[in-house]
Amino acid sequence: MTGSDRLFTTGFVLLTVADLGYFTAAGVAIYTLPLYVTGPLGSDEAAAGLAFGAFAISALVLRPFAGVLTDRLGRRPLLVGGALLAAVSLALTAFVDSLPAVIALRLLLGVAEAAFFVAGFAALADLAAPSRVGEALSYNSLGLYLGIAFGPPLGEFLVENGSFTAAWLGAAVLSVAAAVLAALIGETRAPADGPVGPRRLIHRKAIGPSIGFFTSLAAIGGFLAFAALHSQDVGLQNSSTPLFVYGVVVVVSRIAFAKVPDKVPSLPLGAAALAAIAVGLATAATWTTPLGLFTGTVLMALGVTFSTPAFFSAVFATARPDQRGAASGTASAFIDLGLGGGPIVLGLVAQSAGIPWALATASAIALAGSAWTLALNARRTDRQPNVPR
């Protein structure tokens with residue numbers, strides 16, 4: 001804990017770089033997995049969506065428990081353990097040749113995801129001054145989105161110049177690097193000032209904003225799962241390029257607008273972000289050319305720029321310091337529902353009606369989330385006019 005408004009401490013920088021390593025590994029998998037499933041494994045788009053989202057099953061079940069353990073044991077054990085477990089899962093994927101085996105390893109990756117992600121967000125809230133939580137989320141998320149930006153091109157390079165095995169092993173090495181960096185951070189959890197109440201698996205006050213966040217992830221999860229395949233369908237030679245553009249736009253925008261989430265009420269900002277995501281997905285679905293795909297991708301990325309800081313600011317505004325793990329576990333469980341369930345459901349739509357219809361369905365999900373978030377904000381304002389952002 002810093003005890004001041006200083007943001008760029010050693011711990012904060014180490015956490016952000018650890019996130020970069022972990023999520024670059026995830027970016028390699030985002031590119032490699034659907035092509036691996038539909039290529040060497042000989043399965044179809046529905047199987048690719050199932051494999052992509054399978055990690056969410058174990059992650060969804062375990063995130064609330066990871067939240068309790070994060071509040072009880074500390075942030076560092078789960079950060080390090082999660083990154084190492086991810087390395088094991090990714091490395092073993094290089095040596096399996098069946099869809100059930102890949103799904104089993106994705107389930108193992110979900111255990112890693114639960115530990116690393118929940119502990120990472122709790123540590124971030126520990127390290128950031130309350131008045132700069134939104135800004136801290138914006139900067140810290142650069143690790144995630146740089147990973148999404150550069151992970152897929154790295155995956156494409158490793159596959160084309162080496163093999164699928166090289167891509168999976170490269171992702172595993174990145175996860176090990178994340179574990180080493182996380183170990184250097186130290187423990188960020190502050191000792192309790194007084195008696196600690198009973199630990200709850202679910203932080204109920206976080207559920208409302210988490211539902212809005214869920215819709216953003218369900219929609220974007222469909223884009224991430226099928227971007228490479230859709231790129232090929234519209235005639236792009238480098239199928240990882242839209243994912244790269246998506247990540248770069250989010251990164252640049254998060255830097256340019258880092259202070260906005262602390263100055264604008266969180267829930268209205270989240271609703272506007274969801275509306276932008278919906279417009280972007282609708283554009284990509286209906287304008288099936290490279291230009292249409294890039295235009296939709298940029299619009300989506302602009303929405304995602306503000307969605308995570310907005311919704312997590314709303315979540316952490318409901319939690320005391322000793323409840324941050326539980327709040328993070330509750331909110332991130334909805335991430336699993338979105339990133340896991342979204343690709344599975346939208347994969348079925350893509351299989352039966354085509355990828356453009358899957359993207360259109362994702363747009364409708366984001367639009368519904370925007371309406372929900374506006375209604376939630378109206379209810380909170382009616383009950384408490386000075387509700388925290």
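The charged end of R106 sits over the ring of F52, 5.6 Å from the ring centre; the cut-off for that is NZ of Lys or CZ of Arg within 6 Å of the ring centre and within 35 degrees of the ring normal. R379 does likewise with W372, lying over its face at 5.2 Å from the ring centre. Keep in mind that this is a predicted model, where local features need pLDDT of at least 70, side-chain atom pairs count only at pLDDT 80 or more, and totals for chains, interfaces and linings use all residues. Residues are numbered from 1 along each chain as its sequence is written, and side-chain values use heavy atoms, with hydrogens and water left out.

**Ring pairs**
- Rings of Phe, Tyr and Trp (its six-membered ring) pair if their centres lie within 6.5 Å, with planes under 30 degrees apart called stacked, over 60 edge-to-face and the rest tilted.
- That rule gives 13 aromatic pairs.
- One of them is F117 with F121, a tilted pair at 4.7 Å centre to centre and 45 degrees between the planes.
- F223 and Y246 are tilted too, with centres 5.6 Å apart and planes at 55 degrees.

**Where the pairs sit**
- F117 and F121 are 4 residues apart in helix α5 (residues 99-127), about one turn; helices are DSSP runs of H or I, at least four residues, numbered from the N terminus.
- F223 in helix α8 (residues 207-233) and Y246 in helix α9 (residues 241-256) are 23 residues apart, so this pair links distant parts of the chain.

**Burial**
- F117 is buried at 8% relative accessible area, and F121 is buried at 11%; buried means under 20% (1.4 Å probe, protein chains only).
- F223 and Y246 are both buried.

**Cluster**
- Y22, F23, F116, F117, F121, F213, F311 and F312 make up one aromatic cluster.

Technical notes:
Helix = DSSP H or I, 4+ residues; strand = E, 2+ residues; numbered from the N terminus. Buried < 20%, exposed > 50% of the residue type's maximum accessible area, 1.4 Å probe, protein only.
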